[in-house]
Amino acid sequence: MEWLWFILAGLAGGLLGGMGMGGGTLLIPILTLMLGISQHMAQSTNLIVFIPMCIIVLFIHIKNKLIDFKAFALTVIPAIGVAVGAGFLAADINEKNLKLYFGIFLLVVGASLLIAAIINSAGKSKKQKTLKNYKNI
Amino acid sequence: MEESRKTTFKTVALSLGAGILIGFANGFFGGGGGMICVPLLLLIGLSTKRAHATAMLVILPVSIASGIIYITKGFFDLNTMLYVLAGCIAGGIIGAVLLKKLNVLVTQYLFALVVIAAGIRIVFF
C-alpha cells in the first residue's frame, strides 16, 4: 500500500504546483516527515518529477507567447552554474544537517509567503474601501 | 502582446542575482527555485503571467542539471518517482482547475502556514 501514499504525496505537491505555488516546497517535507524518505532522496525525487511536469506546462506557455526570453537568458546562466556547485555540496553534506538547513529554508520561505499574503490582503481591503467610498459619492 | 522593457543595469543585476539564488535553492535544497524566481521577475517588470511562465523555463534546465548531479551521486529511486509523478500530474490538473474557483488569498495563507509548520517541525523537533 506504500505506493498509494507516494501517489497522494505527489497529488498534494502537484495540486499546489498547478495553482502556481511551490509544489516542491511541500512535496519534500511530506516525503521526509510523513513517508520516511531520506532528505537527499526526497530532493532528488522533487527535481526529477518536476521535469516532465514542467515540459507539459511550458508547451502551453510558449504557445501563448508568455515567455520573456531576455529575462530567461540572463537568469538561467548563473542559475545553472550555481545549481551544479550547490548540488555537489548538498550531496556531500550529511542527512541530518541537510534536513536542518532545509527546515530553516522552509521557515524563511514560509515567513516571506506570509508577509506577501498580508500585503496582498491589505492591498485588497484598501481597494474595496476605495470602491465603497466611490460608491458613496 | 509583447511587453517592452528597457534593459538597464538594475534589471541585468537583478536577473543575475536571481539566477544565483535560484541555482542555490534548486541545487542545494532540490526545489524552491520557482518561488524565488517569480517575485524577482515581477520586480524586473514582468507581468504576473509572464513571470510564472518564464520562471518555469528558467527552472527546467536548472532542475535537469541538479537532477543529473543527484542521480550520479546515487540518489535515485525509479519506483518512488513514478508513483509521485502520477500523483503530481493528477494534482497539477486539479490544482489548475481549482485555481479559478478557490479564494487565492486564503490558499496563500494556508500554504504559508503549512510551510512554516513543516519548518518548525524539522528545525525544533
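Author: A helix here is a DSSP run of H or I with at least four residues, and helices are numbered from the N terminus. The model is predicted.

Reader: In which element of chain B is B:Thr54 placed?
Author: Chain B has five helices and zero strands. Read along the sequence, the pattern of chain B is α-α-α-α-α. B:Thr54 has its place in helix 3 of chain B.

Reader: Is B:Thr54 buried or exposed?
Author: Leaving aside neighbours within four places in sequence, B:Thr54 is in contact with B:Leu41 and B:Leu46, and also with A:Leu66, A:Ile67, A:Asp68 and A:Phe72. Buried means under 20% relative accessible area. B:Thr54 has a relative accessible area of 0%, so this residue is buried.

Reader: Which backbone oxygen does the side chain of B:Arg50 reach?
Author: B:Arg50 also lies in helix 3 of chain B. At 3% relative accessibility, B:Arg50 is under the 20% limit and therefore counts as buried. At a distance of 3.3 Å, its side chain reaches the backbone oxygen of A:Ile67.

Reader: How many residues does helix 3 of chain B give to the side that touches chain A?
Author: Between chain B and chain A, 14 residue pairs are in polar contact, with both residues at pLDDT 80 or more. The elements giving two or more residues to the side of chain B that touches chain A are helix 1 (9–29), helix 2 (33–44), helix 3 (48–72), helix 4 (78–101) and helix 5 (104–124) of chain B. Helix 3 of chain B has the largest share of that side, and its contribution is 20 residues.

Reader: Which three residues supply more of the area that chain B buries against chain A than any other three?
Author: The contact takes 85 residues from chain A and 80 residues from chain B. About 7,600 Å² is buried between the two chains, and carbon and sulfur atoms give 82% of this area. Of the area that chain B buries against chain A, 9% is supplied by B:Phe28, B:Phe29 and B:Ile122.

Reader: Which side chains meet in a salt bridge?
Author: Across the interface of chain B and chain A, the rule finds one salt bridge. The limit is 4 Å from a side-chain nitrogen of Lys or Arg to a carboxyl oxygen of Asp or Glu. At 3.9 Å, N to O, the pair is B:Lys73 and A:Asp92.

Reader: Which residue of chain B does A:Pro29 touch?
Author: A:Pro29 is in helix 2 (residues 23–34) of chain A, and its relative accessibility of 4% is why this residue counts as buried. Not counting residues up to four places away in sequence, A:Pro29 touches A:Gly24, A:Met34, A:Phe102 and A:Leu106, and on chain B it touches B:Ala118.

Reader: What percentage of the residues in chain B is buried?
Author: The C-alpha trace of chain B spans about 45 × 40 × 35 Å along its principal axes. Among its contacts between residues at least 6 apart in sequence, 56% join residues at least 24 apart. Of the 125 residues in chain B, the buried part is 48%.

Reader: Which element of chain A has the lowest mean pLDDT?
Author: Chain A has a mean pLDDT of 88, and 93% of its residues reach 70 or more. Where pLDDT is low, the predicted coordinates should not be read in detail. Among the elements of chain A, the highest mean, 95, belongs to helix 4 (residues 69–92), and the lowest, 85, to helix 5 (residues 95–136) of chain A.

Note on methods
Residues are numbered from 1 along each chain as its sequence is written. Chains are lettered from A and ligands numbered from 1 in the order in which they are written. Side-chain values use heavy atoms; hydrogens and water are left out. Contact means heavy atoms within 4.5 Å. Buried area is the accessible area (1.4 Å probe) that two parts lose on being put together, summed over both. A polar contact is a pair of N or O atoms within 3.5 Å; within protein, one must be able to donate a hydrogen and the other to accept it, and residues adjacent in sequence count only if both atoms are side-chain atoms. pLDDT is the predictor's confidence in each residue, from 0 to 100. Buried means under 20% relative accessible area, exposed over 50%, partly exposed in between (1.4 Å probe, protein chains only).
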